Amino acid sequence: MKRWIFALMVAVSVPSALLAAPGDMSVAVFLAKAEELQAKGPLALFSSDLDLLKAEGKAGGEAYRARLKSERAAGRPSSCPPEGVKINSDELLAFLRTYPAAVRGRVNIRQGVADFFIRKYPCRKG
């Protein structure tokens with residue numbers, strides 16, 4: 001019985017950010033962690049948050065690539081990036097900072113990356 005209670009207490013104390021799927025992190029949390037890393041300077045390379053943010057960004061990019069593929073197949077792409085384009089992290093962070101503070105907690109990184117591509121690479125109407 002004591003083990004069960006202990007296991008339940010441990011499970012409840014695990015932050016929900018650790019249980020979320022990659023790409024589900026809110027823009028608010030992502031920006032806060034990014035700013036903490038920037039404040040650490042070169043020591044940020046040794047932080048586990050660096051890998052966490054990379055994984056979040058990668059998941060956001062992969063989700064948007066999949067979305068864009070299906071949109072293209074339907075003939076209605078939401079953006080038209082060049083093949084093989086890479087996201088510059090500084091550019092993405094600058095874009096994420098354009099969300100109003102009140103909205104950042106409700107937008108996840110998948111949506112943030114999608115919005116970034118839609119804004120940066122609009123399709124030309126022709």
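Select Asn108 and look at its contacts (heavy atoms within 4.5 Å). Leaving aside neighbours within four places in sequence, Asn108 touches Gly23, Asp24, Met25, Ser26 and Val27. This is a predicted model, where local features need pLDDT of at least 70, side-chain atom pairs count only at pLDDT 80 or more, and totals for chains, interfaces and linings use all residues. Residues are numbered from 1 along each chain as its sequence is written, and side-chain values use heavy atoms, leaving out hydrogens and water.

Stay on Asn108. It sits in the loop between helix 6 (101-104) and helix 7 (109-120). Helices here are DSSP runs of H or I, at least four residues, numbered from the N terminus. Because its relative accessible area is 18%, Asn108 is buried (under 20%, with a 1.4 Å probe and protein chains only).

Now show Arg110 and Gln111. The side chain of Asn108 has a polar atom 3.2 Å from the backbone nitrogen of Arg110. That side chain also reaches the backbone nitrogen of Gln111 at 2.8 Å.

Next, select helix 3 (residues 27-40) and helix 4. Which residues make the contact between helix 3 and helix 4? Helix 3 brings Phe30, Lys33, Ala34, Glu36 and Leu37. Helix 4 brings Asp49, Leu50, Leu52, Leu53, Glu56 and Gly57.

Finish on helix 4 (residues 48-73) by selecting Glu71. Is Glu71 buried or exposed? Glu71 has 15% relative accessibility, so it counts as buried. Not counting residues up to four places away in sequence, Glu71 touches Tyr64, Arg76, Pro77 and Ser78.

Conventions. Helix = DSSP H or I, 4+ residues; strand = E, 2+ residues; numbered from the N terminus. Buried < 20%, exposed > 50% of the residue type's maximum accessible area, 1.4 Å probe, protein only. Polar contact = N/O pair within 3.5 Å; in protein donor to acceptor, adjacent residues only side chain to side chain. Axes fitted to C-alpha atoms, helices over the stretch in contact; angles between N-to-C directions.
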